[in-house]
Each structure stands twice: as C-alpha cells, then as structure tokens.
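Trainee: I would like to learn how to read helix packing and a metal site from a set of coordinates. Could we go through them one at a time?

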Amino acid sequence: MNKPLEMQLPVSGKQKMTPSEAFVETLVAHGVKDVFGIVGSAYMDALDLFPLAGIRFVMVAHEQGAGHMADGYARVSGRHGVCIAQNGPGITNFVTSTAAAFWAHSPVVVVTPETGSATLGLGGFQETEQIPIFSKITKYQAHVNNRARMAELTSRAFDRAQLELGPTQLNIPRDFFYGDIECEIPRPIAIERGAGGEKSLDEAAAILAGAKFPVIVCGGGVVMGDGETEAIALAELLSAPVANSYLHNDSFPAKHALWVGPLGYQGSKAAMKLIAKADVVVALGTRLGPFGTLPQYGIEYWPKDAKIIQIDADAKMLGLVKPVSVGICGDAKAAARALVARLAGKSLACITNRDARLAEIAATKKAWEAELDGWTHEKDAWSLEVAKSSTHMHPRQMLRELEKAMPAAAMVSTDIGNICSVSNSYLRFDRPRSMFAAMSFGNCGYAFPTIIGAKVAAPDRPAIAYVGDGAWGMSFGEIQTCVRENIPVTAVVFNNGQWGAEKKNHVDFYANRFVGVNLDKQPSWAAVAKAMGAEGRTIEKLSDVGPALREATKAQAAGKTTVLEMMVTRELGDPFRRDALALPTRHLAKYQSTAAKRS
Ligand SMILES: Cc1ncc(C[n+]2csc(CCOP(=O)(O)OP(=O)(O)O)c2C)c(N)n1
Ligand SMILES: [Mg+2]
C-alpha cells in the first residue's frame, strides 16, 4: 500500500501558469490524493504533473472500474472520488459507473477530456458528444469553453459534487490543456447545512410528542451527514425502534437495542412487523424509495395510516414517493438534533407504553433471529429439487457463516444478484460508511471495483466484496488493479453456475424455460485469481467459510488480495420484483406453447 501523501497546498495568488497546471493545482486545492483511470494522450500534459502534485494515479483495467472505484472512495471517505480517461471510448466507458454514482449520491468528479476544439464536429478520431451522454446522470456539467477558465470550472465541478451530493462532469477539449493563462486557484466552497425550517420542525415535534408507536427509518442521509450520534439520541429519547432503509444497513448500529434491521427486499421481518404498527414514522435522510417499501415475504408492512415526518437535505425528495404529514428540508444530523432539543423534557405519549414497546422490540427481533437460524435453505419446489442432488452449500447457511466471521470495522460492497440480495438479512454494521451496495441503479459488476476504491480511501479497514459469479465475469479484470497497484481486498464469489436472479423469473413466470441463464463451462475462479497474481480458494464446506474469510481479510494487511469462490447450490431466494413481471400472454399460434396455462 502506498503511504498516505503529505498534505499539499495549491499555489496562491494570481499568476501565470498553463491550463494543465491550473487543473492539477485545483485538484490539490480540493485535497485530491488519488485519481482512478486509464492513461490517454488527451490529458497527458496534466498527468505528467500528478506525481509532483502528490496525486496518485491508480491505473485500472477498464474505465468503468475506475468510475466505480471513485464511487467507493467517495462513499467511504465523504471526500471526492475522481476518475479520468481518454476522450471518446474511454469516456463512454464511464457511463454505467456515473449512473451508479448518481443513484448512490456519491460526490464523484468525472473528468472527460474531449476531442480537440479545432476539429470538433468533423468526425475525427475518438469523437463523440460527451455532454449529452452524461446530462441525465450528473448533477452538474462544466464544459471548459476557454482555457483561461480551467481552474474556475474545475473548482465548480468539485464544489457542486459536494453541494448536490452526486457526480459532476468536467469536460475539457484536449487542446485546452496547453497554452499560457493567468489565473488564481479558487478555494473550495464549504456550505453548512441546517436543520430545516422552524415551522416544520415545530410541527414534527408536536406530532412526535403525541406518538404512541413512533418508528424511525434511517437512510443514506444519516450516513452521508455523519448523523449517527444524533439518530441514536432521537431514537433513545423516543425509545423508538430504528429500521435501516433499503441497502443502508450501516445507517444505525446493529448492536444497539433499538436497531431492528433493514426494510425492503430480503430485509428484516422484525423491522417490517414493527413498522407495520407505527402511528408515526420518522424518515430520517431517506426518500423512502419504492424498492425499499414494497411488500416482502408476503407482508404488506407499510403503515398506510401513519403520519410520516420526512427529513431530507434535498427538498425534491420530500413527499416524492410517499405522501408526508411534515416534510423537513434539512440535514439529517442537524434535524435530529433539533428535534431532540424540542422534545427533551417534554411529556411524550410514547413514554407511557415505553416498557411494553421495548419488550415487543426485543421479542420481535429474537423471533426473527430464530427464524433466520432455522432458515437454512430455500423451500420452494424448484430450490428443493436442485439442492436435493447437490453437495454444495446452501447460500443462506454460507451467508450466516460469513456474517459470524465478519471482522470488526469491515467494509462490504454488494453486487446485484440473488445471493447478494439474500445477504441483506445477514449484513449488520456497527459504524457508518461500511456498506456499499449497488443501490438503485443496480448494475451487475458494481461491487468489486467499488470495494477497491473504498480500500484506497480506508486502507486500514478490511475490504470485502460480495459478488455473484455472473457479475464476477464482468468485473474480475480489476484483480489486475489490486495486484499491480497493491490494493489488497477480498472478493467472495458465489458460484451457483447461473445468472440466478434472472433465472428466478424464468422459474416463477416462464415455466422453467431457461434462456441465457446457465453459466456453464466457467473457469475455476480460484485458479483464475492465482493466475492473475492473487490468492484463490475454492470453498466447498460450511465449516471452511468463516476461517477462510478471517484468513483472507487478515492477509490484506500483508498486501494480499484473495478470491474466495463459494460453491453453492442453485437454489434461489425470493425474486427482486414479482410486482413488475406478468405471466406470458401469447396471441400468435407459433408461440402458444409458451403461453401461461390459466385456470
Ligand atoms: C449490467 C447488468 N446487466 C444485467 C443485469 C440484469 N441482472 C440482474 S441480476 C442478474 C443476475 C446476476 O447473476 P449473478 O451475478 O451470478 O448472481 P446470482 O443471481 O446468481 O446470485 C442479471 C443478469 C443487471 N442488473 N446489470
Ligand atoms: Mg450466479
């Protein structure tokens, strides 16, 4: 691992420099230490300055990987993630990772050198219109239309990424890196976010004072706003159970007695049963995304008659998905603190039934844990059939073993897939900025590069990616980055020999007519890892899971990247979205054999 670089200060005062120097000095002004990308002539003049500016260039295998690394870096550190590539194809490779960062609210600055201004529009080499492509997946796009504005526009792209919490694009015609300019390097703009309007906070406090069964849902806003302590204080004041919003399992400490687990797909039944009883829901730093509030396990848990107090730093999120009684446009940390200040010492209706509620929370959690312990395998007919003749591990049991062996302070990224989704019930964290799921964009291939970026930002924390074997085929190339750049992580690859999450739809809706879902003739992923210079292990037995994870994460301290290939059965948990599919209707005679038999 490279040693952390000395803090550098940018040049001050107006002076003569080249645009490349202005660009790099602006990165320095914003505290940039690491940039992810693949080398390209388009920005070579600036790249040449990185070493002396104290900026590490992390060379990756594919630009999409660089974008996800910048995302993981930003999510764990709260600082900017930065990626850069060659104009044209290097930049279009950033599209998926930028969209993913957009939905993860990550302050990523996507630097997109563009074809030269003198030939733009002539259909030259590596030319495409780079602004329209990113227009819907960035919070702000800066186009350097004049080389003298390099520092100003670079700095704005960095400021906006933090102010709006999302990716921004900095588009630079490649010839604009050269020349002489006079400029001053701007300093970052820091804006303190407040608790929200006094009136809405007063209204919220009044509703909470009368609540008999308040429930808090902590979302990504608590993590990004560093509001854990304040969320705990609010929860303790109300003795309210706290659920994590979908894929934000790190938004409230799992060891806390009031934590009840994540809502949403493959989440905690305890959280669902308790929120179903709420008369008031405090949505703290969450937009209550549809994916996280749809019925699960056949439980329609959303409390339709409850009053909802929603707190979000982005006013556009208020009442977007669920109608709210009070919307507070504020920072999760500051708003939670303001609510505690308003409620402390007041007579609260929820205190009268406090002990009964605490007992109910504990009993509901206990019942869910017991259910999870006993839920060793899936019980639908197809899963029972495929598991019957298999010697491989049941995914759920394997996930429980991983949970038990999870090292302290671990960071876990999760991909999109059936087993990764089931892992939601088994991922618990005691500190924020620990879980990096593929979020709403849901692209396969997210988890591995994202954890590599997270490890660069937090080299002392164990870094673990959960990845299905299909998604692994998309992303394993970044083992090269781990090995070459000495970024040691652990990849846990679930080998079920299929694109399982999609296969589940074939099982549920298409009468097991499998098209394009079986991953036959896969290589041994453990052997591939070894061939690439990492460690690789094939895990066949449940009793080996925990020790293997512990050993692999320990080996990170010795600079070793390990791929643990988990051999699991082909059984499949509940699907992502039963609600979004329908049984097949066919009108043409030729396709009648595929029509659903309706009774
Ligand atoms: C880039 C991308 N392509 C396709 C999909 C559709 N998709 C969602 S889940 C999934 C299957 C994932 O399979 P795997 O990674 O093996 O995990 P498993 O479901 O088997 O656990 C696919 C193809 C997607 N989400 N992202
Ligand atoms: Mg699979």
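This is a predicted model: local features need pLDDT of at least 70, side-chain atom pairs count only at pLDDT 80 or more; totals for chains, interfaces and linings use all residues.

Trainee: At what angle do helix α4 and helix α19 cross?

Mentor: The axes of α4 (residues 63-77) and α19 (residues 447-457) come within 6 Å and cross at roughly 50 degrees. Angles from 65 to 115 degrees count as roughly perpendicular and those under 35 as roughly parallel, and therefore α4 is oblique to α19. The crossing of this pair is right-handed.

Trainee: Which residues make that contact, and how do they divide by class?

Mentor: From α4 come G65, H68, M69, G72, Y73, V76 and S77, while α19 supplies P449, T450, I452, G453, A454, V456 and A457. By class, eight are nonpolar and six polar, with no charged residues.

Trainee: How do α17 and α24 pack?

Mentor: Helix α17 (residues 395-405) and helix α24 (residues 542-555) have axes 8 Å apart, at an angle of about 35 degrees, and their crossing is right-handed. Among the residues in contact are E401 and K404 of α17 and R550 of α24, and the contact as a whole has six nonpolar, two polar and three charged residues.

Trainee: Which protein donors does the magnesium ion (ligand 2) have?

Mentor: They are D469 (OD), N496 (OD1) and Q498 (O), lying 2.1 to 2.2 Å from the ion, and their spacing along the chain is D-x26-N-x1-Q. D469 belongs to helix α20 (residues 469-475) and Q498 to the loop between β18 (490-495) and α22 (500-509), so this pair ties together parts 29 residues apart in sequence.

Trainee: Are D469 and Q498 buried or exposed?

Mentor: Both D469 and Q498 are buried.

Terms used
Residues are numbered from 1 along each chain as its sequence is written. Chains are lettered from A and ligands numbered from 1 in the order in which they are written. Side-chain values use heavy atoms; hydrogens and water are left out. Axes are lines fitted to C-alpha atoms, for helices over the stretch in contact, and angles run from 0 to 180 degrees between N-to-C directions. Helices (H or I, at least four residues) and strands (E, at least two) are DSSP runs, numbered from the N terminus. Angles under 35 degrees count as roughly parallel, over 145 as roughly antiparallel, 65 to 115 as roughly perpendicular and the rest as oblique. A crossing is left-handed if the near helix is turned anticlockwise from the far one by less than a right angle, and right-handed if clockwise. Contact means heavy atoms within 4.5 Å. Ala, Val, Leu, Ile, Met, Phe, Trp, Tyr, Cys and Pro count as nonpolar, Asp, Glu, Lys and Arg as charged, and the others, Gly among them, as polar. Donors are N, O and S atoms within 2.8 Å of the metal (3.2 Å for Na, K and Ca); water is not among the atoms, so sites may look incomplete. Buried means under 20% relative accessible area, exposed over 50%, partly exposed in between (1.4 Å probe, protein chains only).
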